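Welcome! Take a look around first, and then we can walk through it together.

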Amino acid sequence: MSFNHKHLIDITEYSDTDIMTILETAKAFSAVNERAIKKVPTLKGKTIVNMFNEPSTRTRSSFELAEKRLSADSLNFGGSSTSTVKGESLIDTVMTLNSYKIDLVVVRDKHEGAPYIVTQHTPASVIDAGDGKHGHPTQALLDLYTIWERFGHLAGLKVGIVGDISHSRVCGSLIPALKIVGAEVTLVAPGTLIPANPEVLGADRVSFDLDDVLPELDVVYMLRIQRERLEGAPFPSLREYHMLFGLTEARERLMKPEAIVCHPGPINRGVELDSYMADHPERSVILDQVYAGICVRMAALYLLLGGADNGLAS
Amino acid sequence: MAETPKAIIMDEIAISRAMTRIAHEILERNEGCDNLALVGIVTRGDLLAKELCDRIEEIEGVRLPLGSLDISFYRDDFGVSIAPEVHASRIPFDVDGKRIVLVDDVLYTGRTIRAALDALMDMGRPSRIELAVLVDRGHRELPICPDFVGKNVPSSHEENVRLYLKDVDGRSSVEITDVSQGSRAGSAPLGGDAR
Amino acid sequence: MALLLKGAHVVDPVAGIDGVLDVLIEGDRIARVGEALQADAEVRDLTGKYLVPGLVDMHVHLREPGFEHKGTIESETRAAAKGGMTGVCSMPNTNPVTDNGTVVEYVRACAERAGHCRVFPSGAMTKGLKGEIISEMGDMVAHGAVAFTDDGRGVQSAGMLRRCMDYGKMFGKVFMSHCQDEELVGDGQINEGPVSTRLGLAGWPAEGEELQVVRDIQIARLTGAKLHIQHISTARGIAAVRAAKAEGLPVTCEAAPHHLFLTDEAIDGTYDTRLKVNPPLRTAEDAAAVRAGVADGTVDAIVTDHAPHADWEKAREFEYAPFGMTGIECSLALVITNLVKPGVIDYARMVELMSVNPRRILGVDPVSIAAGSLADITVFDPDIAWTVGEDGYASKARNCGFDGVSVTGRATDVYVGGVATLVDGAVQ
């Protein structure tokens, strides 16, 4: 078994085996996270920069905790005081970071392709922590981990992704990742929230009717309605959206007994799901996803940074 | 690529005898099973630890708490190479105050044991840790000394000393092979040499 | 002193020439064309080369005044000469906008000082390219503007476009349309389709261009003004122009090498901003349709939409990078390599597309390889194999989307009004 990746940006460059290696490793880190001493010395002496060019408290916290639990030295770089705000280009910022002698950069940026630009100007490994509407691979991996933990397998599962597909960076990684591991993907949303040619991401079908799809699904993945991205009003009101696409107590009876509900967070109660579903003790795995985020990010950092060739271990 | 053994230094019977003797020695040294627990280092030490656990149960009629330890996250050669196959450590008991016998297959540089000690310490505070190994091949790079040894085997750096176990490898033996070019000295991969 | 160009293969569909002939230049005019000419003149042996009426690229951004960090009239006309051009039509999106006679005059003066090629300035259709008030077309015509365009964004209101055409048609100039419905295109970055979805980039749908191609044809019919569709990029756009021509409307169009020879599939996870152009690179089907339009006469001119940008402007996040690529130094080679050599068109058709038609559409002096014509001449070697960008660029900018592409054919000599501006591939 080998893991030959320096960066984690484009999930389609990862094989089924690579993804399972990450999930298995994450499971080993889960054992660490359950201990009283939730820390291992693995990344002692490694320097990791969390370059967050757009705010994201959750993802950054999750990475930060993962880095700390691996004993890496981590630095948060970004926020409202970023040099990019002061007019410095992304490339100049990266070259500045290089002078700190860094080993890995976690990049969050509102522009698609920013992590790739970073790889071209640093010897360090790069993890995409969300770039514009393009991708968010660690989110996809933590979703897979959560689903895998629950079902014990991924191949053949029927996953429905509901909501704002077109503005979702999660979908850019999650849909291809689900395909790689052999799951079946249905997208459910109004036409205004579905991108052109969703099949290129790996979507098996698109539906406008949640009630019609719900009875077949093993996993109902509810996307956040990002109010900040709703310029041009893709639907008439949150009320109508909730009526048509909200996962509610009333709709639960359509679900398979073993079906689960995922959500990348933060949730909008009363919009994409109601409190009954968000807090459902058996079905809702939303908090498991948050926990999985730490384990999966520890695994990704471990696998990318290990070995003499900066991740090219054999 | 299968390695041709230069010599078989322990066969199944020799291994079995050594294990029985170590089981007795552990009981003797610790004056019974009180507060005792076994922790094997993956991926062969855990199997030996289970074997010892069975022997001790046969002798004393007591089933000792048994754990397995993966030391991947504690290795000192992380920057050189990593084992992508990481197993979760399973220590299903509280290590605080326990007398723990750490079990490994082949003791060589001592670096694995150093890592295992750190890993154990991160799980709590055992009252005492002892070390049992099936083979001690010398060449220590750290001040580590086993408490229980199946067999001392003088070896050279150019050689691998590997344990194979029936359950996972189809045969039980300790073999010496030459280190093939480009590969590292260390435990045999599970399921035989074919990778 | 007179100049005798000997032994080149002359191709000129207007004069009906396709064969080896000598050309004698006296002053700024062609004096004689014939076989084995003798004259008291400096003789240049052009055996093995092609000699054609001087090429004109009717869609070029010279960037001056206002954006001299991207390119200057000197640097970009130098690039034009390097590419074999005897003339270019400059776009008005300068700063200040070329929407009055003063800026037109400035552009012409700078071009004259540089002396690399003729510059035919186009003026803005609306003041400040804002789409609100008709620009001073009469003033600009008086100072030498040859056409009107709001290139870069297009006139968004149909009513405004009609007013511009109805007013401006008295000057007899062509109205050139950049077709982009801003409402539909929004902040689209690349062609809307599989690639935009894969890369998460905002889509720029073909329909956003086609809506205005169709609209502008309707308004040309309504007003009777001459319409030229700029950088056409879609199959249905080509179909619309073809239908308009069949109807007999005064409609022409142009296409750029990047829309003929590149597709959006070239844009991948490396987010190469050199491939960010407006209109965007389209699908393979669209490119094939535009090439078919070139072959069947629907497309009148091949232009580059040469758009120099500073390195640091392009070395950015895709969304931040400005639209546009350079191309004037390799368009001739790309056309020879991809259209002439494979037999899609012949050299005569190439001359129509790159010399005859652009001059006709712009209403500037026609050029022919015939006695009495202006001596604007392009000479090229059809067999020189080279790689785009291998020796750098004459342009100030390096954002060429064809960088690294192997091509065949290159301009060796250019004469503008009898003056050599390129000799043996070296800009004079």
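## A sheet in chain A

Let us start with one residue: Leu187(A) stands opposite Val206(A) in strand 8 of chain A. That strand pairs with strand 7 (residues 184-188) of chain A in the parallel sense, over 3 bridges. Two strands count as paired here if DSSP finds at least two bridges between them. Helices (H or I, at least four residues) and strands (E, at least two) are DSSP runs, numbered from the N terminus.

Both strands belong to an open sheet of 5 strands in chain A, with the order 8-7-6-9-10 and parallel pairing. At its edges lie strand 8 (205-207) and strand 10 (260-262) of chain A, each of which pairs on one side only. From one strand to the next, the twist averages 25°.

## How to read the model

This is a predicted model, in which local features need pLDDT of at least 70 and side-chain atom pairs count only at pLDDT 80 or more, while totals for chains, interfaces and linings use all residues. Residues are numbered from 1 along each chain as its sequence is written, and chains are lettered from A and ligands numbered from 1 in the order in which they are written.

## A crossover in chain A

Elsewhere in chain A, strand 2 (residues 47-52) and strand 3 (residues 73-78) pair in the parallel sense over 6 bridges. Met51(A) has Phe77(A) in strand 3 of chain A as its bridge partner. Between strand 2 and strand 3 of chain A, the chain crosses through helix 2 (residues 57-69), and this β-α-β crossover is right-handed. Right-handed means that, with the strands pointing away from the viewer, the path from the first strand over the helix to the second runs clockwise.

## Two helices crossing in chain B

How do helix 1 and helix 2 of chain B cross? The axes of helix 1 (residues 12-30) and helix 2 (residues 45-60) of chain B come within 9 Å and cross at roughly 65°. Axes are lines fitted to C-alpha atoms, for helices over the stretch in contact, and angles run from 0 to 180 degrees between N-to-C directions. The crossing of helix 1 and helix 2 of chain B is right-handed, a term for a near helix turned clockwise from the far one by less than a right angle.

Residues of helix 1 of chain B that meet helix 2 of chain B include Met19(B), Ile22(B) and Leu27(B), and those on the helix 2 side include Leu52(B), Arg55(B) and Ile59(B). Residues are in contact if their C-beta atoms, placed from the backbone, lie within 7 Å. This contact divides into 8 nonpolar, 2 polar and 3 charged residues. Ala, Val, Leu, Ile, Met, Phe, Trp, Tyr, Cys and Pro count as nonpolar, Asp, Glu, Lys and Arg as charged, and the others, Gly among them, as polar.

## Two domains in chain C

Chain C is assigned domain 1 (3-51 + 371-395 + 406-427) and domain 2 (54-362), with bounds from an automatic or database domain assignment. Their C-alpha centres lie 27 Å apart, and 25 residues of domain 1 are in contact with 31 residues of domain 2. On the domain 1 side, the largest share, 7 residues, comes from strand 17 of chain C.

## Some backbone details

Most residues other than glycine have a negative phi, and most peptide bonds are trans. Arg63(C), not a glycine, has a positive phi of about 75°. A cis peptide bond joins Val42(B) and Thr43(B), with omega about 15°.

Notes
Two residues are in contact if their C-beta atoms, placed from the backbone, lie within 7 Å.
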